[in-house]
Amino acid sequence: MIKEKKMSELHKIIIDTDTAGDDAAALVLAAKSKNIEILGVTVAAGNVSLEQAASNAIASLELVGCDAPVYLGATAPLSGEEKECFSVYGQDGMGDADD
């Protein structure tokens, strides 16, 4: 028999992201949840470069006072096929809001 989890139980998670705007919003929501403890965030290149994705993840977590560690992952897609996402996410992955 499968044991049901109560909604009030704490869920410990690791988040894997390429941290553009959509993932940044998810990080903020997870960090603010009373039912979630973020054990760490792994970041890979995808919508933006690895360095920009890591910067976005750190900024998102700092915004809500979350001190979860951020770990760097792959610098390029494992398929080797890079896709241009700047038209959607901007150069910084966050809609170029700081421009």
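Predicted model: local features only at pLDDT ≥ 70, side-chain atom pairs only at ≥ 80, totals over all residues.
User: What covers the buried residues of α2?

Analyst: The cover includes α1, β2 and β3. Buried means under 20% relative accessible area, exposed over 50% and partly exposed in between, with a 1.4 Å probe and protein chains only. Helices (H or I, at least four residues) and strands (E, at least two) are DSSP runs, numbered from the N terminus.

User: OK, back to α2. Which residues are buried there?

Analyst: L50, A53, A54, N56, A57, S60 and L61. They cover an arc of only 160° around the axis, so they sit on the same side of α2. The arc is taken from the directions that run from the helix axis to the C-beta atoms.

User: And what is on the face turned away from that side?

Analyst: That face carries the exposed residues E51, E62 and L63.

User: How does the span of α2 compare with what it should be?

Analyst: It agrees. The 14 residues of α2 should span 20 Å at 1.5 Å a residue, and the end C-alpha atoms are 20 Å apart. The expected span is 1.5 Å times one less than the number of residues.

User: What follows α2?

Analyst: G65 does, and its phi is positive, near 75°.

User: Now α1. Which of its residues are buried?

Analyst: A24, L27 and A30. They line one face of the helix, because they fall within an arc of 130° seen down the axis of α1. These buried residues pack against β1, β2 and α2.

User: What about the other side of α1?

Analyst: L29 and K32 are exposed there. K32 has a relative accessible area of 56%.

User: How long is α1?

Analyst: α1 has 12 residues and reaches 17 Å from its first C-alpha to its last. That is close to the 16 Å expected at 1.5 Å a residue.

User: Switching to the sheet. What is the strand order?

Analyst: β1-β2-β3, in an open sheet of 3 strands with parallel pairing. Two strands pair if DSSP finds at least two bridges between them. β1 and β3 (70-72) are the edge strands, each pairing on one side only. From one strand to the next, the twist averages 20°.

User: How many bridges hold β1 to β2?

Analyst: β1 and β2 pair over 7 bridges, in the parallel sense. Within that pairing, I13 stands opposite I38 in β2.

User: Where do the helices lie relative to the sheet?

Analyst: Helix α1 (residues 21-32) lies across β1 and β2, and runs at about 155° to β2. Helix α2 (residues 50-63) packs on the sheet and touches β2 and β3, at about 160° to the direction of β2. Axes are lines fitted to C-alpha atoms, for helices over the stretch in contact, and angles run from 0 to 180 degrees between N-to-C directions. Contact means heavy atoms within 4.5 Å.

User: How many salt bridges are there?

Analyst: The structure holds 1. It joins the side chains of K12 and E37, at 4.0 Å from N to O. K12 is in strand β1 (residues 11-17) and E37 in strand β2 (residues 36-43), so the pair links distant parts of the chain, 25 residues apart. A salt bridge needs a side-chain nitrogen of Lys or Arg within 4 Å of a carboxyl oxygen of Asp or Glu.

User: Is K12 buried or exposed?

Analyst: Exposed, at 54% relative accessibility. E37 counts as partly exposed, at 32%.

User: What is the phi of T19?

Analyst: Near 30°, a positive value in a residue other than glycine. T19 is found in the loop between β1 and α1. T19 counts as buried, at 0% relative accessibility.

User: Last one. What is the overall element order?

Analyst: β-α-β-α-β-α from the N terminus on. Buried residues make up 29% of the 99 residues in the chain. Of the contacts with a separation of 6 or more, 74% come from residues 24 or more positions apart.

Terms used:
Residues numbered from 1 in each chain as written. Heavy atoms only, no water.
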